[in-house]
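Student: Could you take me through this model feature by feature, giving the general idea before the particular case?

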Amino acid sequence: MNTLIDNITIFRALLARDMKVLKSRLSDLVIDGLILVSITVLIFGNLLPLLGMPITLIAPLFLGNSLSFFLASLGYNCAMRMVYDLKFNRFIDYFLTLPLPKSWLFTYYLTSFMIESAIVTLPLVVLGIIALGSNFGPINGTIFMFMCVYFCALLFWSLFFLGSSFMYSFQWFKSNMWARRIMPLFIFGPAFFTFKTIRSVIPIFSKLYWLNPLTYVIEGLRASLLGGPDYVSLTICVPGIFVAIVLMCIRLRYGIYKQLDPV
Amino acid sequence: MVFTNNWIRYEPYSAQVSKGKHMKKLLQTIQVFLQFFYRDLYVHTQQLPAHLINYSIIYPTLYIFAFAFLQTEIYFGGQTQVGATVFSGTCLVPLLVMVFHITFDLLFDLEKNRHIDFQITVLDPRLILIEQILFASFFTFLIMIPFFPLARIFASSYIDLSNISWSSLFIILYLGSLCAAAYHKLAAVLLTVQKISMFWTRVNHILLVLGGFWIPLHIVRQFSPTLGFLLRFNPVVYLTEGLRQSVVGGSQFLPLWQCATALFILSIIFTLLCFYFFKRRVDHI
């Protein structure tokens, strides 16, 4: 029987290994991120307003669309590695034989993704805000609150993608994940528009948006950093995110049993 | 003996035999070419329902809802022509993803099973590449056909599709599929599996977003003439400008003939480059 100290030691060793791997990939990830941020700043900050988009939408779009899309891309790549491993390499079999409780093992997967995403996206968010300059508008929220919601958003995405990698087969994931899961989440969530603008256009249909966990995640990010009455209040978003996280945990648990339990 | 108009020309017996052989070989080549085409059709028909659901139903429906309806109302205050301009470029994503799925089979094959080694023993490698490019372009075109008719049915009250020219739209859509297929085939010959994600982020994403997914060329020119000039080297621009010219029309977009010519010439250039790099990758000598 392992002691808590043993578990922590193995857990830290696994994370240290991942950080070493991440270090070798970091330059590539940062370059990819810089490209995404530069294009986002150019399109949302400069070109779409020329077509008539209101300038007030720049900041919420940057947080809701670009940041969330970047997190989704990182999550997708991470999940793709896991799906590939489950189908071909089966490196996970080695992890399962480690003297570490399974709950710790899956927490390690989640933590690894969250650290990687935070290291890559946080500097880019700051850089994007600086590059957008006055177009970004005033920051009426608090950085502390933003970090809390951002952490919850990372946890949500990591649970969503890890769960998906266990739920679906390699072929299904490769062919259908974007079209049937990620895109509908973004389109029927407030990624391209704020929830209040959507509600003003489709008051009845917008009620369905409450069923989408991305509504709470995206609006939570906006409300915590930008503040003001234009976004869904944090008192709604934070409980919404927690419910979404619990649901994703149940989904992940189901996926793990489905994929790994031979009985 | 060969009859040409009223002239009778005698040829030596050996020349006649070699010409007969040549004809037979040509027929054989065409037959093998068509067999490969049918094979690809058979393989991809297995995935046709999934492709149709994803690219002919889900993507158009989602994009009509988000970019034709909501975006026009929220971003552009209900200006139906601006809405149609932006919406026309959105079919790029399903088109490129679809082409990618078909053409990159070659890359996975080159790195794993190498069925291509067998194929090039029965048909000229250049013809195999042409067959694969043509197949990918036809298949993608067929999958993409419902995109605009669906928009016409469900979104014509939100975006202005009254000026749509169906014949030119489908010509541009096919030439765009052809160009995208040749370009992706070239990428499949050049890249390795590990670089696919990088290829999407660093190449395709830039080409797509700056190629007119959101913004037409004249707006980019208005923002920065230098960037507008540089974008003339982006093949995707000719597809989106052609689509916008067919859907919305007007002098602000590039003329249709220019887009069609550019797409066709770029398809040929990509195909020729594909021959060259394919030989370098497969030929060990």
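Student: Which residues of helix 6 of chain A are buried?

Tutor: This is a predicted model, in which local features need pLDDT of at least 70 and side-chain atom pairs count only at pLDDT 80 or more, while totals for chains, interfaces and linings use all residues. Residues are numbered from 1 along each chain as its sequence is written, and chains are lettered from A and ligands numbered from 1 in the order in which they are written. A residue is buried if 20 or more other C-beta atoms, placed from the backbone, lie within 10 Å of its own, exposed if 12 or fewer do, and partly exposed in between; helices (H or I, at least four residues) and strands (E, at least two) are DSSP runs numbered from the N terminus. In helix 6 of chain A the buried residues are A:Phe173, A:Ala179, A:Ile182, A:Met183, A:Phe186 and A:Ile187.

Student: What covers the buried residues of that helix?

Tutor: Here one looks for contacts, meaning pairs of residues whose C-beta atoms, placed from the backbone, lie within 7 Å. The cover over the buried residues of helix 6 of chain A includes helix 2 (58–89), helix 5 (143–167) and helix 8 (213–226) of chain A, together with helix 2 (48–74) of chain B.

Student: Where does helix 1 of chain A bend?

Tutor: A bend at a residue is the angle between axes fitted to the seven residues ending there and the seven starting there. Helix 1 of chain A bends by about 55 degrees at A:Arg25. The expected span of a helix is 1.5 Å times one less than its number of residues; helix 1 (residues 4–51) of chain A has 48 residues, yet its end C-alpha atoms are only 59 Å apart, short of the 70 Å that a straight helix would reach. Helix 1 of chain A is followed by A:Gly52, whose phi is positive, near 125 degrees.

Student: Why does B:Ile143 count as buried?

Tutor: B:Ile143, found in helix 7 (residues 125–144) of chain B, counts as buried because 24 other C-beta atoms lie within 10 Å. Leaving aside neighbours within four places in sequence, B:Ile143 is in contact with B:His51, B:Leu52, B:Tyr55, B:Ser56 and B:Met98.

Student: Is B:Phe36 buried or partly exposed?

Tutor: B:Phe36, in helix 1 (residues 13–45) of chain B, is partly exposed, because 18 other C-beta atoms lie within 10 Å. Not counting residues up to four places away in sequence, B:Phe36 touches B:Leu123, B:Ile128 and B:Glu131.

How values were computed: Two residues are in contact if their C-beta atoms, placed from the backbone, lie within 7 Å.
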